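Here's a quick briefing on how the side chains pack and pair up in this one. Have the model open while you read.

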Amino acid sequence: MEHPKATPSHYKFKLMPEFFVNYHEIARQSPNSKVTTQPSLGLIDQPYSETTNTQPDAEPKKPWERFAAYIRELNTENPDRVTYKVLYLTRHGLGVHNVFEAKVGKEAWNVSYGTPSFHPVYDVTDKTRATGPTSTETVPSLG
């Protein structure tokens, strides 16, 4: 079977540094260049436009609510057929496999347990297994 030819992409991705903290700079300032998840996933708390900052007859919007409203506003008002999308690229927290590797040692993990044949299935919300579930519960509350 012949593979179809790839078609050129009509997408252009661009980093918009005015919305999120500079993770590269944070990594440079951190020991061993390790960066932990920043508060609000690094979203800079800022006003965008008057219509995105408040809700009629309500309290001011939270940072992620303002940001989402601003992205919707950009997509509504853009005459050049440009659409704005937000990609969330995150890494998991301390997972069960990390805890298990620490328990058995790196060498044993690499030789026996870190192989494709060792894939235990765990409930990621089980708080007794690792600290990773804490991060799975935090992300939905950012709104």
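A quick term first: buried means under 20% relative accessible area, exposed means over 50%, and partly exposed is in between (1.4 Å probe, protein chains only). You're looking at a predicted model, where local features need pLDDT of at least 70, side-chain atom pairs count only at pLDDT 80 or more, and totals for chains, interfaces and linings use all residues. Residues are numbered from 1 along each chain as its sequence is written, and side-chain values use heavy atoms, with hydrogens and water left out.

**Nonpolar core**

- The largest nonpolar core has nine residues: Phe19, Leu41, Leu43, Tyr48, Trp64, Phe67, Tyr70, Ile71 and Leu74. Such a core is a set of buried Ala, Val, Leu, Ile, Met, Phe, Trp, Tyr and Cys residues joined through side-chain atoms within 4.5 Å.
- In soluble globular proteins, nonpolar side chains tend to be buried together.
- Skipping neighbours within four places in sequence, Tyr48 is in contact (heavy atoms within 4.5 Å) with Phe19, Leu43, Asn53, Arg66, Phe67 and Tyr70.

**Aromatic pairs**

- There are eight aromatic pairs in the structure. Rings of Phe, Tyr and Trp (its six-membered ring) pair if their centres lie within 6.5 Å; planes under 30 degrees apart are stacked, over 60 edge-to-face, and the rest tilted.
- Phe20 and Phe67 make an edge-to-face pair, 5.6 Å centre to centre with 80° between the planes. This pair links distant parts of the chain, 47 residues apart: Phe20 sits in the segment before α1 (23-29) and Phe67 in helix α3 (residues 63-77). Helices here are DSSP runs (H or I, at least four residues), numbered from the N terminus.
- Phe20 is partly exposed at 23%, while Phe67 is buried at 3%.
- Trp64 and Phe67 are edge-to-face too, with centres 5.6 Å apart and planes at 85°. Both lie in helix α3, three residues apart, or about one turn.
- Ring pairs tie Phe19, Phe20, Tyr48, Trp64, Phe67 and Tyr70 into a cluster.

**Salt bridges**

- The count is three salt bridges, taking a side-chain nitrogen of Lys or Arg within 4 Å of a carboxyl oxygen of Asp or Glu.
- Arg28 and Glu25 pair at 3.3 Å, N to O, and both lie in helix α1, three residues apart.
- Arg66 and Asp45 meet at 2.2 Å, N to O. Here Arg66 is in helix α3 and Asp45 in the loop between α1 and α2 (50-53), 21 residues apart. Arg66 is buried at 10%, whereas Asp45 is exposed at 54%.
- Glu101 and Lys106 have their closest N and O atoms 3.4 Å apart; Glu101 is buried at 18%, and Lys106 is exposed at 57%.

Note on methods. Helix = DSSP H or I, 4+ residues; strand = E, 2+ residues; numbered from the N terminus.
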